[in-house]
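Me: I'd like to learn how to read cavities and disulfides in a model like this one. Can you walk me through it?

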Amino acid sequence: MCRESKPRAFDRPVRARMAFVWGFILLLMSPGAFAAGHVFPDCISGPLSSNNVCNATLSIGERVQALVSALETKEKFKLLGSSSPGAERLGLPSYEWWQEALHGVAHSPGVKFAESGDFSYATSFPQPILLGASFDDDLVEAVATVVSTEARAFNNFNRSGLDYWTPNINPYRDPRWGRGQETPGEDPYHLSSYVRAVVKGLQGGEDPDVLKVVATCKHFVAYDIEDWHGNERYEFDARVTPQELAEYYMPPFEACARANVGSIMCSYNSLNGVPACSSSYILQDILRDHWNWTREYQYVVSDCDSIQNVYLPHKYRQTRSASAASSLLAGTDLDCGEYYGLHLPSAYEEGLIDDDALDTAISRIYAGLMKLGYFDPGEFNPYRSLEFSDVFTPDAEELARKAAERSIVLIKNDGTLPIQVPVSSNLTIALIGSWANATTDMQGNYYGTAKYLHSPYFAASQIPNVNAIYGGIPGDPTTNGYPQALEAAAAADVVIYADGPTLKTEAEEKDRTLIRWSGERIDIVTHLASLGKPFVILQMGGQLDDAPFLDNANVSAIVWGGYPGQAGGDALMNILTGRAAPAGRLPVTQYPARYVDDVPMTDMGLRPDARTGNPGRTYMWYDQATVPFGWGLHYTTFDASIARGGDDDDERWDVADLAGACSEEETRKELCPFQTVDVQVSNTGNATSDFVVLGFLSGAHGPEPYPIKRLVAYRRLHDVAAGEQQVASLALTLGSLGRRDEDGNLVLYPGEYSLLVDVPTQATWNFTLVGEPFVLDEWPQDPGVAQQDAGVFLQATR
């Protein structure tokens with residue numbers, strides 16, 4: 001278990017706290033102290049001290065009403081932009097709403113790193129795509145807890161705000177998506193479980209009295225295209241059926257809403273003809289009404305300039321003022337940008353909006369700040385005492401390395417790994433390729449300044465009795481790099497080739513067009529592998545088609561390291577040399593290279609479709625993967641069995657009995673328990689290792705086509721010693737069994753079910769449901785889509 005202990009700052013004596021407070025006051029008095037716009041309001045002697053917004057004994061609703069009532073209409077417009085000027089007349093400070101912390105406190109308009117010294121760096125964890133491979137929600141929560149602790153410390157010294165536009169929880173639907181690295185993977189159940197842990201860690205609990213920071217789930221919804229063959233995210237209209245919207249694109253956001261996330265960001269794209277930030281269907285009907293995301297402090301923020309996109313290029317409204325008004329009225333409370341400030345005044349004059357609409361939005365965003373303790377004295381807030389000594393602590397540094405180690409995936413191994421380092425002589429290791437000596441590439445995007453960035457070459461050079469040789473970046477045979485690589489390999493006992501995509505080929509505003517290894521890389525890899533030495537590929541960044549190497553007997557091992565963060569090189573070398581045991585599982589499908597020719601990115605469909613040629617997406621619908629979702633090898637062997645019986649054990653339940661057994665107080669029938677299945681895991685090898693238990697459902701039930709399988713539960717077991725057994729309990733609910741019909745309703749169907757454990761499957765439990773279908777969740781219908789022809793969901797190819 002990797003849980004962070006209670007921040008040390010909470011236990012400081014009063015005298016130390018007073019010293020901190022006076023230091024903070026002196027900071028605020030220093031030149032440039034107000035640059036970031038995160039000064040706390042003066043509720044002691046400032047103009048607001050006589051306003052009930054500063055009365056901590058009142059409810060949030062009463063306090064925010066007092067603030068809003070004191071505002072003049074002309075002051076309200078500017079408060080709804082991300083760089084808020086505040087209201088000088090009232091003593092309401094300016095505030096910058098745009099902070100980022102995807103995998104650590106990150107560079108952004110509201111985050112100010114110092115040039116040196118205190119607050120010049122923060123802990124840099126692995127990108128979510130790698131952290132998601134851990135399938136360890138306790139680890140995820142621990143990482144998020146450290147991030148929020150450091151974020152609060154930055155805020156206490158006026159170097160950041162209190163709300164953070166993270167996490168990115170869009171499912172990684174297509175392997176070409178440039179921002180897939182920001183997400184935990186492709187499976188909606190996995191993302192939902194992951195994000196509950198992230199929100200809890202960032203916000204300081206499931207429902208704390210004081211939020212630690214406000215987390216923001218983005219991008220709502222069906223956003224996963226940047227710029228693919230001229231199809232840009234700013235103008236893309238995602239055409240999604242109600243069935244696939246409800247079963248795939250929406251669940252992570254429902255998990256955010258149910259976890260009481262403070263903020264949700266609407267996306268650039270349109271959904272079925274309506275820009276997301278102007279869609280009352282998704283922002284009101286689904287988010288607030290259906291999911292009951294209605295706490296006073298919960299608000300919707302736009303993606304940056306997506307309010308402007310409502311006007312152009314979406315052309316959803318005929319004027320700029322009408323575009324701004326439509327977004328405000330649909331439920332977008334805060335504009336990342338200047339569009340609200342520029343065009344809401346004219347919308348007000350034209351009668352498109354009124355003070356009630358403005359007051360609703362202002363109330364939500366400032367209630368968010370109140371929930372953070374923004375208007376409260378420091379002694380009321382447990383986080384005001386955090387300082388730079390709480391940033392990059394030894395525990396945080398160790399957690400960053402462990403997070404990478406527990407997430408790295410062993411894709412292939414012929415027994416070469418772990419590399420045995422001699423104790424009485426030297427082992428020469430050549431490290432070759434564009435990632436061999438990588439630094440900033442280790443972080444991926446949305447990163448902050450790290451205290452250090454350890455590359456694989458650096459980490460190898462620190463291992464006793466290892467002579468590390470850097471073989472450069474080969475390029476092609478016409479470059480000097482090619483002979484250098486071959487020379488390094490010839491002098492080595494072990495050859496490691498580290499390569500893969502970087503931000504140069506996959507990033508925000510940049511989708512990939514190819515998912516294969518390039519010709520010159522395949523050439524140098526096969527050449528190096530043919531030298532007759534142990535040869536290991538470190539596949540970094542996003543997934544590439546490893547087919548050329550999986551069946552190549554000269555390639556000893558393949559390890560996927562993603563974007564592993566500040567200690568990525570250390571973690572990789574610890575895995576390669578056996579100091580840590582690999583147990584990560586691929587959180588995405590590794591597709592064959594031809595997949596980019598089989599289906600356009602603009603086709604949002606998941607199911608195979610003969611009309612469009614779509615072969616299916618994700619492991620649920622696509623069966624031709626090079627390496628499947630959930631794959632991951634170990635340095636030992638494991639047996640997994642289901643304790644309740646073997647494959648021939650057939651059990652039956654009546655749907656009506658299951659639905660009737662739900663508590664009458666349970667309004668969400670999908671949460672009602674079904675069965676807890678114990679999976680017994682035995683380490684039958686010789687090394688201690690973690691093991692991730694994955695539970696999938698398959699079978700003939702619900703509407704056709706049936707998915708190949710779908711993840712419904714997982715649990716990571718820790719430190720299973722050789723010869724030891726541990727039990728993982730997989731709790732299945734009625735919602736686990738349910739499938740979405742064509743209208744998006746979640747239905748419990750009669751039919752045949754199979755619980756499949758592990759990849760590849762090691763254990764199976766079969767059971768049957770009989771009776772009539774039962775609706776667990778009635779999905780809100782979009783009246784606009786209902787009037788469109790079904791053919792609207794067929795996509796243009798390019």
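Reply: Let's start with residue classes: Ala, Val, Leu, Ile, Met, Phe, Trp, Tyr, Cys and Pro count as nonpolar, Asp, Glu, Lys and Arg as charged, and the others, Gly among them, as polar. Keep in mind that this is a predicted model, where local features need pLDDT of at least 70 and side-chain atom pairs count only at pLDDT 80 or more, while totals for chains, interfaces and linings use all residues. Residues are numbered from 1 along each chain as its sequence is written, and side-chain values use heavy atoms, with hydrogens and water left out.

Me: What is a cavity here, and how many are there of 30 Å³ or more?

Reply: On a 1 Å grid over the protein atoms alone, a cavity is a set of points where a 1.4 Å probe fits but cannot get out, and lining residues have an atom within 4 Å of a point. Points are joined across faces, edges and corners, and a volume is the space filled by probe spheres set on them. This model has four cavities of 30 Å³ or more.

Me: Which residues lie closest to the centre of the largest cavity?

Reply: That cavity has a volume of about 150 Å³. Its lining holds 20 residues, and A101, L102, H103, Y194 and V198 are the closest to the centre. The elements that give two or more residues to this lining are α4 (128–131), α5 (137–156) and α6 (188–203); helices (H or I, at least four residues) and strands (E, at least two) are DSSP runs, numbered from the N terminus. The most comes from α5, with four residues. By class, the lining of the largest cavity splits into 15 nonpolar, four polar and one charged.

Me: And how do the lining residues of the second largest cavity divide?

Reply: There you get six nonpolar, three polar and five charged. The second largest cavity has a volume of about 100 Å³, and of its 14 lining residues, Y172, P175, Q543, T589 and Y591 lie nearest the centre.

Me: On to disulfides: how many does the count come to?

Reply: In general, a disulfide is a covalent bond between the sulfur atoms of two cysteines. The working rule is a pair of cysteine sulfur atoms within 2.5 Å, and the count comes to five. Numbering the bonded cysteines along the chain, the pattern is 1-2, 3-4, 5-6, 7-8, 9-10.

Me: Which parts does the pair of C217 and C256 tie together?

Reply: The S to S distance between C217 and C256 is 2.1 Å, and the link is left-handed, with -90° about the S-S bond. C217 lies in strand β4 (residues 214–220) and C256 in helix α8 (residues 251–258), so the pair ties together parts that are 39 residues apart in sequence.

Me: Are C217 and C256 buried or exposed?

Reply: Buried means under 20% relative accessible area, exposed over 50%, and partly exposed in between (1.4 Å probe, protein chains only). C217 is buried at 0%, and C256 is buried at 0%.

Me: What is the handedness of the link of C266 and C277?

Reply: Right-handed, with 105° about the S-S bond; the S to S distance for C266 and C277 is 2.1 Å. C266 lies in strand β8 (residues 263–266) and C277 in the loop between β10 (274–275) and α9 (280–290), so they tie together parts eleven residues apart in sequence.

Terms used. 1 Å grid on protein atoms, 1.4 Å probe; cavity = no way out; pocket = protein on both sides within 12 Å on 5 of 7 lines; lining within 4 Å.
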